[in-house]
Amino acid sequence: MLSANIVLFTALAYVALLFLVAFVSDMRSRKGWLGLVNSPVVYTLSISVYCTSWTFYGAVGSAARNGLEFATIYLGPTLVFVGWWFLLRKLVRIGRIHRTSSIGDMISSRYGKSTTLAVLVTLIAVIGTTPYIALQLKAVTASFQVVAEATHTSLLGIPTGDIDIRTGFWVAAGMAVFTILFGTRNIDANEHHHGVVAAIALEALVKLLALLAVGLYVVFWIAGGVPEVFQMPTAALVLQGPDTFGTRWVALTFLSAAAIVCLPRQFQITVVENADENHLRTAGWLFPLYLFLISLFTLPIAIVGLATLPAGSNPDMFVLTLPMLHEQNALALLVFIGGFSSATSMVIVASIALSIMVSNHIVMPIALRLPWRSSGVSGDVKSLLLISRRISIAMILLLGFAYFVASARSDALASMGLIAFAGVAQFLPSMVGGLYWYQASKAGAFVGLLAGVLVWGYTLLLPSFEGGALPSSLFEHGPWGIAALRPQALFGAVGVDPLVHSLAWSLGINVALFVVVSLLREQKPLERLQATLFIDVFRNPADNETRFIRRSAAIDDLYILAQRILGTDQAHRLFRDFARQQGSRDDLPQPDTEFIAHLERQLAGGIGAASARVMVSQVITGETISLDELMRLVDETQQVIEYSQQLEHKSQQLQTTARQLRQANERLRALDAQKDDFLSQVSHEVRTPMASIRSFSEILLSGTDLTPDQSTRFLEIIHNETLRLTRLLDEILDLSHLERGELTWALEPVGASAVLARAVETCQGMATRVAVELRYDAGAVEVLGHSDRLAQVFINLISNAIKHNTGPEPRLSIHSAVVDGHFVVDLQDNGPGIAAAEREHIFNKFSRAWTSARSSTTGAGLGLAISRAILRRMNGTLDLMPASGTGACFRVTLPIRPAPDQALPRTATP
Amino acid sequence: MSWQKARDAILVVTLCGALGFLPPILPFFDRPVTVFGTPLIVVYVFGAWLALIALAFWLSYRLPRHTVRDPLPAPEDLEAGLGDGDD
């Protein structure tokens, strides 16, 4: 059994350790040795201030009553942190850039640095948090009495006597001292409390260790293993609660997800105390893991507690009473310290967050309106803030204590956790809406928030006092007997879970009014500017503000102002640093728009954006907000999207053009190469006859001993060579004219079959050796062309087929037909054919593809090229058909003249 | 994996996590079946939870780090000096 003294001594020693850790961390951070305090792990641990004594003790109670439902409280935050990239990162970035000091500051700053909005948020936060603090005091007091008494009733988890109010008072007083010492050390430009964060992180470790120790003990010592736990009869009782996964499950998951963002203490730790945005990366998985571990043993403890503890035990104390039942005093003490940790860490952070909000959003605006402020002594605002924060902390804890005393005998506090969640969830529409919706306006946020909180207070907070100060007739029959206004059945919504009922009405009305009023009311310029700066925070640095607001002030006035708020040292440093950045050697910077904006942001970190703006405005001589610039900024997003689309389009066009140019270039290169080939071929062809002409004429000139016969023969050779030369040159000229389209012979109706027949007859003489097979299927058709030229094509093709057919039984088959309105002639021989590699070049000039050995009688290799050019002039084609069997097959295709009366003779034009 | 893909993946993981922990998917596992002596629904809730954490861990280091510093350090930061460069 533990004596009260031992418990008390341990608790005091633990508190002393917390003071020491906070003190050392604070000292180290003042010297610039942030070390461990600035690590992502400490950041994550400090976020676990989410797990208060309500979850430390209450989760097991919840599991005993409603089975798995307790997990919703952790699943919501898990999802928010897993998706940190989307919401939390934006919050943290805005918080860092705009030096946000609290959730009230964030909301007020977003909606044009509105003081009224900040006051409303502060009041809601105080209303929602004070009972929550009372709940923590009650938990510490009750657990102290249970663990220190160890009588039969205390084993039931119910303190023997009345709740000892003195314990609660000393706990509250101790927390007040701690918070004032480490939470109001200074007015920082960024509200970092390193000592507090270090202590909170330590407490987070202690409560996790305590719960894990109890869990392991219960599962493996008391029950004997995991399957044994779930074989207990109470397991079925716990897990088969009626309708666990209904609307209440959804509502609770949503609520806890909202709370992890909207609870003032969570905002304080996650956003305001954040030292480095990259810490979120670790918290994104480590915090869910923490939640997972802390809830891992909740269900087994509840099951074993229900099975082994006497009937009538308080399930909310199972964590403590199970070790006590088994005489595990050390474990019981550890659990008590764990519960104490979770309660105190919540109280400390919540009171810091609330004190900052109260001093910045309520005390400062009042002080600014009082006449005595004109004294202007250095640091006077700073000391006012510090004093008001200290008093606020004391007052908040006193309020929590008073609440605790008032409700000590009732169970009103038990449900306070979820009620507080639902209260702060009212911040969600205006905060998240403000981060993503440009049109969200101050009026909309204010009306939505106010209405949502009123409905919440009426439907959820008020019923928690039932039976005490309020008559129960109010809840049964409604106020003045109006049934439609019953708090838990508003407008006839009967039979709904009270929490779901309240959440649906309050958030529904909140969102509806927020959206509708935002759409109806125009934003002020400053609201619009802040909206853009907040929503586009990843695109616009805070300096952008200087583009829209032009202000000027006397540097002395600004310096006095900064001294009053920051104190002499910090103000001097701030001014000197900015002066250096401006490139000035003086310690005073130029009081330009940029500097004023920078100063206002720094002051906002200490006193909140709304108050900072009011104070800076007092010393400013002229201020204009450039609406045009503002509109341009709003449009910029749209423009950027359009630009990128245009760019994409243009680059596609460029790619197409480049491809076309490349293709054209390749064609040009090929043509150039062809031209070079052509020239060298021509030279070659000309050179041979020229050489023989020259040598024979030399012989004729020099030789006197030539017989007349010889002379005549040489002259004949010379003559023949000149003829050949002329023919060659004629062909080249012909081809070149054809290709350039300079030949102007008229296209006239020509009997195609007749021309073919004439050509075959002409070739008959040299075709004695070759068996020519003729088949004219085309009949008498007319094409547009030139009969001699067409005959030239046919003769060329036939003579080629005959000349180059070196087979033993040379055969040529000529077949004409009409296919699809075209006159088609196929010339198929059974010669050696054309090698696959040559097929492409066969129509080029000077190519003699199908003769491996060149005989002197062959032409210059221009025949096919000329034939093709001629046919092209007649709108026809000459193709080499794909190789099939032996030999080569050429196909001539010419369009048939449609009808003699329709077709008019026309001249060939290119 | 590019960071854009990691970002899209984390969105999908978050949404799937939300769907997996809400009706109608959750009640699907609420049936009298045990896995190694533990009810299926308990195994599902804690298993899916752990899987979500593992995915978040795996993806979190594929997202880009925030490197842009504030245009001007606050006096507090200057006071802190070198200690600010933790990572």
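Across the interface of chain A and chain B, five residue pairs are found in polar contact, with both residues of each pair at pLDDT 80 or more. The model is a predicted one. No salt bridges are counted between chain A and chain B.

The side of chain A that touches chain B draws on several helices. At least two residues each come from α5 (72-82), α6 (88-97), α12 (226-231), α14 (247-262), α16 (279-296), α28 (568-582) and α29 (593-607) of chain A. The most is given by α16(A), which supplies eleven residues. By residue class, this side of chain A comprises 28 nonpolar, 18 polar and eleven charged residues.

In total, 57 residues of chain A and 48 residues of chain B take part in the contact. About 4800 Å² is buried between chain A and chain B, and carbon and sulfur atoms account for 66% of this area. Of the area that chain A buries against chain B, 14% is supplied by A:F245, A:R281 and A:W285, which is more than any other three residues supply.

The buried residues of α5(A) are A:T72, A:I73, A:Y74, A:L75, A:G76, A:P77, A:T78, A:L79, A:V80, A:F81 and A:V82. Here a residue is called buried when its relative accessible area is under 20%.

Technical notes
Residues numbered from 1 in each chain as written. Chains lettered and ligands numbered in written order. Predicted model: local features only at pLDDT ≥ 70, side-chain atom pairs only at ≥ 80, totals over all residues. Heavy atoms only, no water. Contact = heavy atoms within 4.5 Å. Buried area = accessible area lost by both parts, 1.4 Å probe. Salt bridge = Lys/Arg side-chain N within 4 Å of Asp/Glu carboxyl O. Polar contact = N/O pair within 3.5 Å; in protein donor to acceptor, adjacent residues only side chain to side chain. Helix = DSSP H or I, 4+ residues; strand = E, 2+ residues; numbered from the N terminus. Nonpolar A, V, L, I, M, F, W, Y, C, P; charged D, E, K, R; others polar. Buried < 20%, exposed > 50% of the residue type's maximum accessible area, 1.4 Å probe, protein only.
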